[in-house]
Amino acid sequence: MALKNTSLFAAFILLVLFNIVVTMKVIRHHQRLTSTSQLLSEIENARVANKQFSIPSAPLVLGAYQAEIETSDGRAANLQAFFRLRNSPLYDLAGYIVKVSDKYSFDYRLLAAISVQESNACNVIPDNSYNCWGWGIWPGHVTRFSSFEEGIDTVAKGLKEEYINKGLVTPKQIMGKYTPSSNVSWANGVSNVWGWIE
């Protein structure tokens with residue numbers, strides 16, 4: 001009789017544990033779905049806010065229709081989603097990064113990729129520096145910017161003038177001047193992040 005009660009108790013405990021495990025899996029799955037849903041919602045809101053398709057009101061003219069369509073390529077929303085996953089303070093500056101990259105005629109992913117390689121997307125930077133790119137930082141010296149925007153502008157201009165215009169266009173070529181003491185891991189890291197953003 002005692003053996004039967006022990007077996008029943010053990011079966012009951014196993015059933016309770018099984019229910020707890022299943023419940024935890026359902027909760028985790030729900031959290032992942034909620035997180036994914038929130039991310040998709042933010043991307044959609046950013047797309048709408050950036051007016052991916054904008055058709056202004058046209059005057060009514062019989063037999064004719066005039067419209068102006070403004071398209072957006074979605075790069076800013078793409079960067080926002082990328083920065084969101086990393087809790088990056090650059091999240092709100094994704095559009096600015098795209099704009100500045102276009103101004104200097106280079107791929108918008110370069111600034112983001114270097115920021116991940118140098119500072120985990122601005123999560124680990126010298127105090128009050130706004131320097132996510134390791135720009136002008138070496139032992140005993142830290143280049144500080146007054147804002148992330150100033151950092152983006154300065155680094156983008158420097159990359160264009162001191163690297164791209166001089167034929168240093170691949171992560172490996174850039175690495176040779178940007179961080180010459182680094183082994184190939186810096187270039188590989190930048191290349192990998194570049195691919196993740198797409």
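Where is the place of Ser-115? I looked this up to start, and Ser-115 sits in helix α4. Helices here are DSSP runs of H or I with at least four residues, strands are runs of E with at least two, and both are numbered from the N terminus.

**Ground rules**

I note that this is a predicted model, in which local features need pLDDT of at least 70 and side-chain atom pairs count only at pLDDT 80 or more, while totals for chains, interfaces and linings use all residues. Residues are numbered from 1 along each chain as its sequence is written, and side-chain values use heavy atoms, with hydrogens and water left out.

**Confidence**

I checked pLDDT, the predictor's confidence in each residue from 0 to 100. The chain averages 79, and 67% of the residues score at least 70. Over residues 49–71 the pLDDT is below 50. Beyond near neighbours in sequence, that stretch has 20 contacts in the model, a contact being heavy atoms within 4.5 Å. Where pLDDT is low, the predicted coordinates should not be read in detail.

**Whole chain**

I found seven helices and two strands. Along the sequence they follow the pattern α-β-β-α-α-α-α-α-α. Of the 198 residues, 31% are buried; buried means under 20% relative accessible area, exposed over 50%, and partly exposed in between, with a 1.4 Å probe and protein chains only. I also looked at contacts between residues at least 6 apart in sequence, and 46% of them join residues at least 24 apart.

**Helix α4 and Ser-115**

Back to α4. Nine of its 11 residues are buried, so α4 is largely enclosed by the rest of the structure. The buried set is Arg-109, Leu-110, Leu-111, Ala-112, Ala-113, Ile-114, Ser-115, Val-116 and Ser-119. Their cover includes α2, α3, α5, α6 and α7.

Is Ser-115 buried or exposed? Ser-115 is buried, at a relative accessible area of 0%. Leaving out residues up to four places away in sequence, I see Ser-115 touching Phe-83, Leu-90, Asn-120, Ala-121, Cys-122, Cys-132 and Trp-133.

**Helix α5**

Next I took α5, residues 148–162. It has 15 residues and reaches 20 Å from its first C-alpha to its last, close to the 21 Å expected at 1.5 Å a residue; the expected span is 1.5 Å times one less than the number of residues. Phe-148, Gly-151, Ile-152, Val-155, Ala-156, Gly-158, Leu-159 and Lys-160 are its buried residues. They pack against α3 (94–103), α4 (109–119) and α6 (171–178).

**Helix pairs**

Two packed helices are described by the angle between their axes and the distance between the axes. Axes are lines fitted to C-alpha atoms, for helices over the stretch in contact, and angles run from 0 to 180 degrees between N-to-C directions. Angles under 35 degrees count as roughly parallel, over 145 as roughly antiparallel, 65 to 115 as roughly perpendicular and the rest as oblique.

- The axes of α4 and α5 come within 11 Å and cross at roughly 110°, so the two are roughly perpendicular to each other. Leu-110, Leu-111 and Ile-114 of α4 meet Ile-152, Val-155, Ala-156 and Leu-159 of α5.
- I read about 135° for α6 against α7 (residues 185–197), with axes 8 Å apart; the pair is therefore oblique. Pro-171, Lys-172, Ile-174, Met-175 and Tyr-178 of α6 meet Trp-186, Ala-187, Val-190, Ser-191 and Trp-194 of α7.
- For α2 (residues 75–85) and α3 I read about 130°, with axes 8 Å apart, and this pair is therefore oblique. Arg-75, Ala-76, Leu-79, Gln-80 and Phe-83 of α2 meet Ala-94, Gly-95, Ile-97, Val-98 and Asp-102 of α3.

**Positive phi**

Most residues other than glycine have a negative phi, and most peptide bonds are trans. Which residue with a positive phi follows α4? That is Asn-120, with phi near 55°.

I then went through the loop between α4 and α5, where Asn-128 lies. Phi of Asn-128 is positive, near 55°, and this residue is exposed, with a relative accessible area of 67%. Tyr-130 is in the loop between α4 and α5 too. Phi of Tyr-130 is near 50°, again positive, and Tyr-130 counts as partly exposed at 33% relative accessibility.
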